[in-house]
Every structure is written in structure tokens, then in C-alpha cells.
Amino acid sequence: MMSLKRSHLCFSIPEGNECIKAIAKSCGECIQVGAKCGWCMDPGFLKQGEATSTRCDELESLRKRGCSSTKVENPQGSQWILKNKAVTNRIKGAENLRAEDITQIQPQKLTLSLRLGEPQSFNLKFKRAEDYPIDLYYLMDLSYSMKDDLENVKNLGTQLMLEMSKITSDFRIGFGSFVEKKLLNPCTGDQNCTSPFSYKNLLTLTSNGQEFNTLVGQQQIDGNLDSPEGGFDAIMQVAVCGEHIGWRNVTRLLVFSTDAGFHFAGDGKLGGIVLPNDGKCHLENNMYTMSHYYDHPSIAHLVQKLSDNNIQTIFAVTEEFQPVYMVIKNMHFCVCKTESLSSEVILENSKLPEGVTIMYQSRCKNGVTGEGEMGRKCSDISIGDDVSFTIRITAKQCPKMGKPETIKIKPLGFNEEVEITLNFICECDCHKDGIENSDICHNGNGTYECGACRCNEGRIGRQCECSTNEVTIEDLDKSCRKDRGTDICSNNGDCVCGTCECKKRENPEERYSGMFCECDNFNCDRSNNKLCGGHGHCECRWCICDANWTGSACDCSLDTTTCLASNKQICNGRGTCECGTCKCTNPKFQGPSCEICPTCPGVCTEHKECVQCRAFGTGEKKDTCERDCSYFNLIKVKDRDKLPQPGQAFPLMHCKERDANDCWFYYTYAVNKKSEKEVHVVETLECPKGSDIIPILLMIIHDRREFAKFEKEKMNAKWDTQENPIYKSPIKKFQNPNYGHKAVDL
């Protein structure tokens, strides 16, 4: 057996119409292509030769092809806010509230239904509550290099305690120290130092500030050999050992104080430690016990654990090492002043499902806005300030398991979050009404849904009428040829299951159709580079013209209003209206309405007085010029060379007239394509000069004398005025001299 489908020519679909390019076989496949795609459920929508995938198209294209809006499946995304508790307006000194009763982010829970390619947006509000509880843990570097800075560090701890008491009345503080992974002989010479340790928890979080100050003041340095310290081991334990540290579910701050760089993942190999850090708590008697067993954590691993436990980290480092710690700044807070601890809010989200993207837009204080990565944050935020974010979530593909997904968004370092459940629209509503094993689908070989058959496995065809294992291609090709000598499906389609499925064109507006794909809607006559002149549509290579249009290209108008002359007669009664244009029956007449006769006398004389009054303000009609002479457009030119010349698209009449002062003026008269009368006139008159007056007068006197002489001679004539004296008859008379004599006898 052979395959039932044969392809002939390759074709491409433009990027502009992804709906057609997808060749969707069902409504569900169609709507997953993109938000612009719809599916026509009308059972009679497809024309002969069109494949089932033709039901999937852009909405406007479906409408133009005759699918009513009630028959178009086009599901839309939606959202529901499930928990929307308002942010807390708390004033310092007011009644005490538990941390869990304070709300700083709104809303708290919502559900989004996502149509692929169609974003869903919602607004998130954040307000830093006044007098909000804070836990601060102070982590100090006690390596030998800190010897000169130890007193400053001790003062920093005391200052932190004082400053934080100004921010909140519900404040707890803890203390820990670190040096480096254990070595046997860290000190040289007579230096007084003890063996290094990786991390000690010296003071669990407490509200007893005096205890903190006393403990910090008692600290002494320890020893190690290299400059980079093992502080990241200590940070990891502070982050994951919540029960030992005493973290509450409030704002959590970690101050990391050092004058050196840091070890990170891989450095442990120098001491023979190859196991990566496991990110778990290993404190016994408040001492990190696995520093010799696990390597230092990587920066990414450390950031993830800090984020998971809502801990904001402040790196209090010397100026020399500030550039080293800038890499951490891009991931977490790195501030130097305690009054800035709550000055910035940054939104972060949990891991997104595959194919889901998220975009942020911030609206901060004083009208400051941000987009992209800057849209996640607002800076210079004081306690009590409101900021808002617009969050846009888009799905590009449906989940493999087809189940809802949950993501969370929260301000970095805060325990509050927004929980978002994502539902994915991957099937049409009409899918639920599908009829399995429907008789419409060739004796139950498919499910009839959304106006089309979704064939069972092993079946093909518009009605699932063929099996992939029963019929050879040679048998089917016979029914796909119009005549014996013609190409299969007219070379415009594929023979599928004995039926032609026409190929799609690059332009989605162009289609093949017909039982043998012998018809198309784009190979009709054109006019003005428009198919069917823009006044009809093409069906099977013939133009079907709109009303009042005819011709092979629908370029001949049956409307006669364009042929009406000013006298309300068609073509001035001198021609016929053909395709909206006058055809003059009398060859002497020209113009859009057969109104001009260049060879007829009197055309120039007819317009002389109006041209004279409008151009020069003279003539017999100068007093009634505005009333009688506004029927043409007047254009003045400088000289006769500037006048329009013969040979243009409409008839033109050149005129030369003389006024009462024996001055000549020149003009042209024409009717343009818009049936507007145009007169171009030379703006200056040609009048005789002073030196020309005497010759003209002498010529006039001479003419008058000659005329008088002629009249006098005519009166004195001596011949009959009825007979011309110089007239001679052309008839000659002759007489035979022998006429009347007898003939001589011979």
C-alpha cells in the first residue's frame, strides 16, 4: 500500500497570517496558534476543494468570507480576584497588630485564564507599613585582617541598634561571626590568635539591645592565612537555620560586615573539599560543623536561599572591596546607611511554567515610571508611601499535562506575596459538545465537533472517508483529474483521499477552489491595477460586477450623472454616455460634455465680455460681472508663451479679441476632465503705442477716401447696371456660305 497524499508544489504562507500557516485540523489547534485566530463552526462554510484547515483564519478574513460572528469560535482570556484585602494604614503608637494582620501588598490571590498570545494584566499595590516589625541579624568578620577595624565594627553594631529603634518599636537583633574553614596552624610568629572557625551564632534574635551591645564589645579577632574569607558559608547557615537564628515572619535584614573578599564554589578544592554545598542547616551548639565537608556555596545558590527565606542582605564593606561586592548588588540589596534599609522595593516572581512570560511596569513616587527590569522596582520609598505595578502575563504554549499552574510574586525581602493560578485556554467551548463516532464522519470514523470532523487515528479526508491502509494512490488520482490529459487537481492542490484539497496562496485573500481546484479568485481582468477594477469580485476567473458597473474588468460605470451637462442634458444632446464618459456623435464637438466646438464661429466672442470684465474690469459687463461671469475659473499668465498649448488631454480654444480702445487681449477657453471651465488670459493688454497712432489714422483716412471714390464712380456708371460691361458670352455663331445655293452638278 502507498501513502494517500501526494504533494506537487511547495508554497509558503507569509509571516503576517500565522493562522493559515498553522494548517490547523481542529478548533483547539487553531486557537492555540495565536490570539488573532478564529475558527468558523458553520457546517456549510467550506467551498468545494477547501481543506478543513481553511476554517482557521484571522477574524476579519473569516467575516469577509461569509462566516457570521455567531459562528466564529474565538475564546477570550479573563481574570478573577479571589482575595483583595486592602493595605494597612497603620500609625506608629497605635494599637499593636500582629505581623500576620498587617497587609502591605494588594491583591493577595487571583486566577488568570490565558488565551495563548493574549496577555492578561492586573495592578499590584504596595505600601510599606509604618512601625512594621523588623528582625536584624548582624554577621561580623573576625578574621585577623579586621584587627584595625574591629572598634569601628563594634560601633557600627551599636549604631544599628539605635537607628533601627527609630524605624520601628517592634525590633529584634541577633549576632554571629565568621572567619574561615578550619586549618591546624593558622597563625605565625608570636601572634595571639585561635584556630579559625567557619561560623558561630553568638546571639539569637532578641529585643534586649543591651545584651547585643555587650556581646559585640567583647569580640576579639581570630586567625586565618588567605585574604578571601568564608563568609558565604556563614550567610548560608543564617538563611537556612531559621529555628536557631529565631527569624519571625516579618521583615528580615542581614548585615554582613567585612574588609575582605569572599570564597565561592570551587575554592574548597584547594583544601581537598569537593562536595558542593547542600544548602541545609548544620548547626550544633550554635557552631557550623560541616565546613570541612562541604564546599563554599555559589553566588546563585546563596541568592536563591536568601530569596526563599525573604532575607534582605546589607553588605557593610570597606571602600577597597566595594567593587568586589557589586556583583551581589544586582541580585539583592546592598546599602550603606540604615535609613535606606526600607527605601527600595523590588518585585520577584517564582519560577515560571514553560512558555509563560511576565512583564513589569512600575509607577513610583513623583510620577517616575519604569519598564522591563526597571519596571520591577521603585526607589526612594518612605514608610507610608504607595507605589503600584502593572503586571502582564502571557502564555505562548499550553502545558504538557494540561493542568493549571501556580506562580507567586512578592517584594524582595518581605514575607507577603501574591498567589496567581494560571488556567490555559487550549480548547474551544464547542469541543465540549462534540459527538464521538458521528455518522457525519463516514460511519462513525471521527468526532464531529465545531462544524468539522476530527478523524480517528488511521482515517483521513474531510469526512474521514478514507483509511490510510486500504486504497492505492493510483485509484484515487483518477478522481482528482478533470480530464484524462489534465494535471492532478489542476496542479493547484493535493489529491487527498480521492478529493482535491486546494493549496493555499501566500496572500490569504487569494484562494483556489472547485472540485479540481480549477477556479481561483485572483486571475480576473484588472483595471487601474485593481482586480475587477475595484468594483466587483473574482469568481472562478470571471469578474462579478457590483451594481451600476459592467465590463470584463467591472470598469464601465452605468451611472450617467457624470455625463450630465450644465443644461441637464446628457452630453449636451450631442453624444452618448458610455462607461461614465461622453462619446460625441458629432465629430465637430469635443469636451467632457461635448460642449466645445473649436471650428465653430462665435466661441471666442461668446466669452469675450466676461473675460474682459473679470481680467481687466472693462467692457459691457463690468457692472454685472460678478453675477453673469462666475461660470469659469480664471487663471492669469504673464505672456502668450505661458498660455496652454494644444495637445493636452482636453479640447482647447485659443482666442484673440479687441476692446473698445483697439487693445488686443489673448486667452484660451477649455473644459477640464472635471467638467470645470477654465480660462487662461494674458494679464497685460497689447495696445498701440503713441508713435503708431498717426499711421493708423492715415490708413483710416485713406480707406475712407477710396471707399468714397468707389461710391462716386458707381453713381456715374453709363452702362446698364443689370449687365456687366466686361461680360462676353462664351457662345460663338457661324453661318455656312453655301447655305441656300444649289449644288453643282458633276
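This report walks through helices, strands and open spaces in one predicted model.

Residues are numbered from 1 along each chain as its sequence is written. In this predicted model, local features need pLDDT of at least 70 and side-chain atom pairs count only at pLDDT 80 or more, while totals for chains, interfaces and linings use all residues; side-chain values use heavy atoms, with hydrogens and water left out.

**Helices**

Helices (H or I, at least four residues) and strands (E, at least two) are DSSP runs, numbered from the N terminus. Buried means under 20% relative accessible area, with a 1.4 Å probe and protein chains only.

Helix α5 spans residues 209-217. Its buried residues are G209, F212, L215 and V216. Viewed down the axis of α5, these fall within an arc of 125 degrees, so they line one face of the helix. The arc is that of the directions from the helix axis to the C-beta atoms. An α-helix has 3.6 residues a turn, so residues three or four places apart point the same way. N208 caps the N-terminal end of α5. A side-chain oxygen of N208 lies 3.2 Å from the backbone nitrogen of Q210.

Helix α6 covers residues 231-240. Nine of its ten residues are buried, so α6 is largely enclosed by the rest of the structure. Among the buried ones are F232, D233, I235, M236 and Q237.

**Strands**

Two strands pair if DSSP finds at least two bridges between them.

| Pair | Bridges | Direction | Facing residues |
|---|---|---|---|
| β6 and β8 (residues 120-127) | Two | antiparallel | I105 and F126 |
| β12 (residues 251-258) and β15 | Seven | parallel | F256 and F315 |
| β33 (residues 536-539) and β34 (residues 542-545) | Four | antiparallel | E539 and W542 |

Strand β15 spans residues 311-317. Six of its seven residues are buried, so β15 is largely enclosed by the rest of the structure. β33 and β34 form a hairpin, with two residues between them. In the turn, C540 has a positive phi of about 50 degrees.

**Cavities and pockets**

Rolling a probe the size of a water molecule over the atoms shows where empty space is left. On a 1 Å grid over the protein atoms alone, a cavity is a set of points where a 1.4 Å probe fits but cannot get out. A pocket is an open set with protein on both sides within 12 Å along at least five of seven lines. Lining residues have an atom within 4 Å of a point. Grid points are joined across faces, edges and corners, and a volume is the space filled by probe spheres set on the points.

There are five cavities of 30 Å³ or more. The largest cavity holds about 170 Å³. Its lining has 16 residues, and T54, K503, K504, E510 and R511 lie nearest its centre.

The second largest pocket has a volume of about 510 Å³. Of its 22 lining residues, E509, R511, N521, H537 and C538 are closest to its centre. β29 (512-513), β30 (519-520) and β33 each supply at least two lining residues. β33 gives the most, with four.

How values were computed
Buried means under 20% relative accessible area, exposed over 50%, partly exposed in between (1.4 Å probe, protein chains only). A polar contact is a pair of N or O atoms within 3.5 Å; within protein, one must be able to donate a hydrogen and the other to accept it, and residues adjacent in sequence count only if both atoms are side-chain atoms.
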